[in-house]
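Please read them with the structure open.

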Amino acid sequence: MIYTLSITDAVPVYEQGESRMQDGNSCECHKAKWACTENVCPVTTSCGVNEEFTSCMKPKILTCGNMHLPVLDRKLTKCVAGCQCKDDFVWDSTTNQCVTPKSCPCYHGGRSYGEHETMQQDCNTCRCMDGVWTCEENECAGMCRAYGDSHYTTFDGKNYQFHGLNVFTLIRSTHESEHKFQISIENVACGSKGGTCSKRIVFSINHGDAVKENSVELVKGKAATEKKIGSFEVTYVGLWVFVKAKDMGVSLQWDKGTTVMVRLDPEYKGKVEGLCGDFNDNENDDFKNPKDMIEVEEVAFVNSWKTYMN
C-alpha cells in the first residue's frame, strides 16, 4: 500500500518517508504518523555567542555573504540538530561567529573589508557601511586598448580581433566635441604567426586651425617628433612612451610594439569615433563606420576606418 498523506507540525510539511530529529531521536513520517527512536539523549551541545541549539536546523544558513540576496524557500528533507544563529543574527565566515548584519564586512577582490574601510573602484572611492559598499558616482576616464595578437578593446568594453595591415583611424573626435583630435595607427606584420605590430602612430590636434594645429609622430626605433613644440607632453618610462595633449584630456601610451592605449576624459562621451568606438557606455553600437552606420562584420567595420597619415 502506498501512502500519500503528509504530516504537518506547523511548518514545514513532511512527506511519506521523510525524517526529522526530535530531542536527539530520529523520527520518520510513516503511514501519516511519526515513527521515532526512543533514545534518551540529554542536550549537552554548547553553542557560541549569539547562537542557539535546535533539533532541526534551517536548510540554508543566512550569512554576511548572502543576506542581501533574495530568500528562496527550500524544502526541508531531513532534520539535523545543531547550533545556528539566533534571530536577527547572521554568520560571519571571517570571524566564524554570529553577528548583527550591520557588523558584517564588505567583500571585494577575494578579501573582506571592515566597517568604514575603503577601496578604489576606477576613479571612485567606495566605503564599507553596514556590510554594504557605498561608492562615489564620479564619471571616470575611458580607455581603449590595442594589444597582443591584433586584439582590440573599445572604450565601452567590446572585444574584437583583426589582422589588418594598413593605416587606420584608431580614434578621432566628432563635430560635437569642443576639442579636435585624431590618432592614426599603421599596422605591419610581425612575428612568425601572422600577428601585427604598431609601426607608426600619429597623434594630431586642432586639424584645420592654422594657429593651433599640431601633431606628434611616434615611429618604432626613433624618438618622438613634434611638429610644433608646446602642445604635447612626451615622457619615456622604460619601454613605454607616454604622450598627453595639454589641456585636452586625451593621452596615449605605446610600448613601441604590440600595445597602444588611449585614455579620454569623460567629457568625450559620445563624441568620438573610429576603431575604439564611440565611448557612450553601449558596446552594441561600437562598430559604427564613418557614415554613422553600424557594421555587422568586424572586417567591414575595420576596413571602413582605413585612412592615411595626417
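This is a predicted model: local features need pLDDT of at least 70, side-chain atom pairs count only at pLDDT 80 or more; totals for chains, interfaces and linings use all residues.

1. The chain holds 1 helix and 27 strands. It has 310 residues, and 35% of them count as buried. Among contacts with a separation of 6 or more, 43% are between residues 24 or more positions apart.

2. The nonpolar cores. The largest nonpolar core contains 37 residues. Those with the most contacts inside this core are Leu170, Ile171, Phe181, Phe203, Leu252, Leu264 and Leu275. As background, nonpolar side chains in soluble globular proteins tend to be buried together.

3. Ile171 in more detail. Which residues does Ile171 touch, not counting those up to four places away in sequence? They are Phe155, Phe181, Gln182, Ile183, Val262, Leu264, Val272, Glu273 and Cys276. Two of these, Phe181 and Leu264, are also on the list of core residues with the most contacts.

4. S25 covers residues 250-254, and 4 of its 5 residues are buried. S24 (240-245) runs antiparallel to S25, joined to it by 5 bridges. In this pairing Val241 has Trp254 as its bridge partner. S25 is also joined by 5 bridges to S26 (residues 260-264), again in an antiparallel arrangement. Here Val250 is bridged to Leu264, a residue named above for its contacts in the largest core.

5. Asp247 is not a glycine. Is Asp247 buried or exposed? Its relative accessible area is 74%, so Asp247 counts as exposed. The hairpin of S25 and S26 has 5 residues between the strands, with Lys256 in the turn at a positive phi of about 65°.

6. Asn50. A positive phi is also found at Asn50, about 65°, although this residue is not a glycine. Asn50 belongs to the loop between strand S5 (33-36) and strand S6 (51-54). With a relative accessibility of 25%, Asn50 is partly exposed.

7. Gln253. What does the side chain of Gln253 make a polar contact with? The partner is the side chain of Arg263, at 2.6 Å. Leaving aside neighbours within four places in sequence, Gln253 is in contact with Trp240, Val241, Phe242, Thr259, Val260, Met261 and Arg263.

8. Lys246. Lys246 is in the loop between S24 and S25 and is partly exposed, at 35% relative accessibility. Its C-alpha atom is 5.6 Å from that of Phe232, a residue 14 places away along the chain. Beyond residues up to four places away in sequence, Lys246 touches Gly230, Ser231, Phe232 and Glu233. With Gly230 there is a polar approach: a polar atom of the Lys246 side chain lies 3.2 Å from the backbone oxygen of Gly230.

9. Aromatic rings. Rings count as a pair if their centres lie within 6.5 Å, and by this rule there are 11 aromatic pairs. One of them joins Tyr152 and Tyr160, with 5.5 Å between centres and 15° between the planes. Why is this pair called stacked? Planes under 30 degrees apart count as stacked, so the 15° of Tyr152 and Tyr160 qualifies. Tyr152 is buried at 4% relative accessibility, and Tyr160 is buried at 3%. Both tyrosines belong to one aromatic cluster, together with Phe162, Phe168, Phe287 and Phe301.

10. Arginines over rings. The charged end of Arg111 sits over the ring of Tyr113, 3.8 Å from the ring centre. Arg145 lies over the face of Tyr147, with a distance of 3.9 Å to the ring centre.

Conventions
Residues are numbered from 1 along each chain as its sequence is written. Side-chain values use heavy atoms; hydrogens and water are left out. Rings of Phe, Tyr and Trp (its six-membered ring) pair if their centres lie within 6.5 Å; planes under 30 degrees apart count as stacked, over 60 as edge-to-face and the rest as tilted. Buried means under 20% relative accessible area, exposed over 50%, partly exposed in between (1.4 Å probe, protein chains only). A charge sits over a ring if NZ of Lys or CZ of Arg is within 6 Å of the ring centre and within 35 degrees of the ring normal. Helices (H or I, at least four residues) and strands (E, at least two) are DSSP runs, numbered from the N terminus. A polar contact is a pair of N or O atoms within 3.5 Å; within protein, one must be able to donate a hydrogen and the other to accept it, and residues adjacent in sequence count only if both atoms are side-chain atoms. Contact means heavy atoms within 4.5 Å. Two strands pair if DSSP finds at least two bridges between them. A nonpolar core is a set of buried Ala, Val, Leu, Ile, Met, Phe, Trp, Tyr and Cys residues joined through side-chain atoms within 4.5 Å.
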